[in-house]
Amino acid sequence: MIVAVTCAGKSIDSPLDNRFGRAESFILFDLENGSFTFLDNEQNLNAAQGAGIQSAQKIAKSGATALITGHTGPKAFKVLSSAGISVYHSSAKTVKNAIEEFKAGKLEKAPNPDVESHWA
Amino acid sequence: MTVAVASGKGGTGKTTVAVALVLSYDRNSVLLDCDVEEPNAGFFLRSKSIKKEEFSVPVPVIDAAKCNLCGRCADFCSFNALALAGSKILVFRDLCHSCGGCSLICPQNAVMEEKNIIGEIHSAESDKIFFVEGTLKIGKAMSPPLIREVKKYGKGENLTVIDCPPGNSCPMITAVRGADYVVLVTEPTPFGRHDLSLAAETVSEMKIPLGVILNRYGSGYKGVEEFCEKRGIEIILKIDEDIKIAQAQSEGKTILDVCPEMKDKMCGIVDKIQKGLTK
Ligand code: SF4
Ligand code: SF4
């Protein structure tokens, strides 16, 4: 199973990016073997609208089935859930911590988006 | 001649001025209320709306039986109004700009069109004034197409006045575009100056001549005058701060009801603009 985590930097020790739509990048972490890859999100930083929708499609395409991020808005959440991706909101400091929380079963699956439009 | 009345922020008296301009004018005129999120010029004209029409824009619907989920439509849409999400294409109507591109690009002919009603157009006619207002449905974010539709009514009269949406973003620009002259209404406060400077910059970039009406004058703050002086923008009228005016407005009366001398001043402004333009 692959988990996508929003990342504000270029390493697994980088901070967890609170934003989803305009996250700097994503780390795709493979829970089976502990390996990970980066997914750039630069073009979305400049999206005039619907950045969350675009990011959500990107995650769906990447093959991840779970997402850990700070917050999600309603539109992104709709795309994610329709694509069968479980969303977990976390306030962990780093990407690594967030993955550890997830592995330890400390994160709860979000039933709903947690911010209004325009955040994500 | 089309005069757009705008302001950097709401509540400066933009509608007051727009209404006073057409009421003062002795010949036929058109007033277009393009402040579609909060149209209120009609309130002061006391005109009963005689005609109501729905206004809609086309938005896509996906025929799931034909769609093979290739995702081309979603890739194409630069407004992110379409998303490939698992086994379907999601449509976010409120982000759609009705460009029609998705239906052109779909190889399966799976993109149909549907009407999304985003507002209404009301029009009313009195002796000299033809009044049209657009009103956006609550929660709709797509004001420019509605504004453009309202503006279609403003052709061919001696004087067309547009009450523009406040601010200086897309809706304001849509309303102002094509006008012969822009009147920016502001107040003598630091905020007023700030918002005026942004709006004036936008209008200058559009290369439309502009003048300023300084409303609620008398606070002693000189920043707006200094700004206009520095930028070579003419202050075409100062309207003194007057409790009578505020009171009249809360009762649905116009500035002409309490300050009859305004009629001549407004006519003077129209004349002056006309002369300035034909110079
Ligand atoms: S382009 Fe047409 S076939 Fe492809 S996903 Fe969009 S609607 Fe479906
Ligand atoms: S009509 Fe244009 S803006 Fe609307 S969904 Fe299709 S491509 Fe996007």
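1. Starting with strands 4 and 5 of chain A: strand 4 (residues 66-69) runs parallel to strand 5, and four bridges join the two. Within this pairing, A:Leu67 sits opposite A:Val87 of strand 5. Strands here are DSSP runs of E with at least two residues, helices are runs of H or I with at least four, and both are numbered from the N terminus. Two strands pair if DSSP finds at least two bridges between them.

2. A word on the source: this is a predicted model, where local features need pLDDT of at least 70 and side-chain atom pairs count only at pLDDT 80 or more, while totals for chains, interfaces and linings use all residues. Residues are numbered from 1 along each chain as its sequence is written, chains are lettered from A and ligands numbered from 1 in the order in which they are written, and side-chain values use heavy atoms, with hydrogens and water left out.

3. Now the whole sheet in chain A. Five strands make an open sheet with mixed pairing, in the order 3-2-1-4-5. Strand 3 (36-40) and strand 5 (86-89) of chain A are the edge strands; each has a single partner, so one side of each lacks a neighbour in the sheet. On average, neighbouring strands of this sheet are turned by 25° against each other, direction ignored.

4. Strand 2 of chain A deserves a look of its own. Six of its six residues are buried, so the strand is largely enclosed by the rest of the structure. (Buried means under 20% relative accessible area, exposed over 50%, partly exposed in between, with a 1.4 Å probe and protein chains only.) A:Ser25, A:Ile27 and A:Phe29 point one way from the strand, A:Phe26, A:Leu28 and A:Asp30 the other way, and all are buried.

5. Both partners of strand 2 of chain A run antiparallel to it: six bridges join it to strand 1, and five join it to strand 3. A:Phe26 is the bridge partner of A:Thr6, and A:Phe36 in strand 3 is that of A:Phe29. The hairpin of strands 2 and 3 of chain A has five residues between the strands, and A:Gly34 takes a positive phi near 75° there.

6. Which strands does helix 4 of chain A lie across? Helix 4 (residues 95-103) lies across strand 1 (2-7), strand 2 (25-30), strand 4 and strand 5 of chain A, and runs at about 145° to strand 1. Axes are lines fitted to C-alpha atoms, for helices over the stretch in contact (heavy atoms within 4.5 Å), and angles run from 0 to 180 degrees between N-to-C directions.

7. On to the rings: there are five aromatic pairs over all chains. A:Phe29 and A:Phe36 form a stacked one, 6.4 Å centre to centre with 15° between the planes. A:Phe29 is buried at 7% relative accessibility, whereas A:Phe36 is partly exposed at 35%. Ring pairs link these two and A:Phe38 into a cluster. (Rings of Phe, Tyr and Trp, the last by its six-membered ring, pair if their centres lie within 6.5 Å; planes under 30 degrees apart count as stacked, over 60 as edge-to-face and the rest as tilted.)
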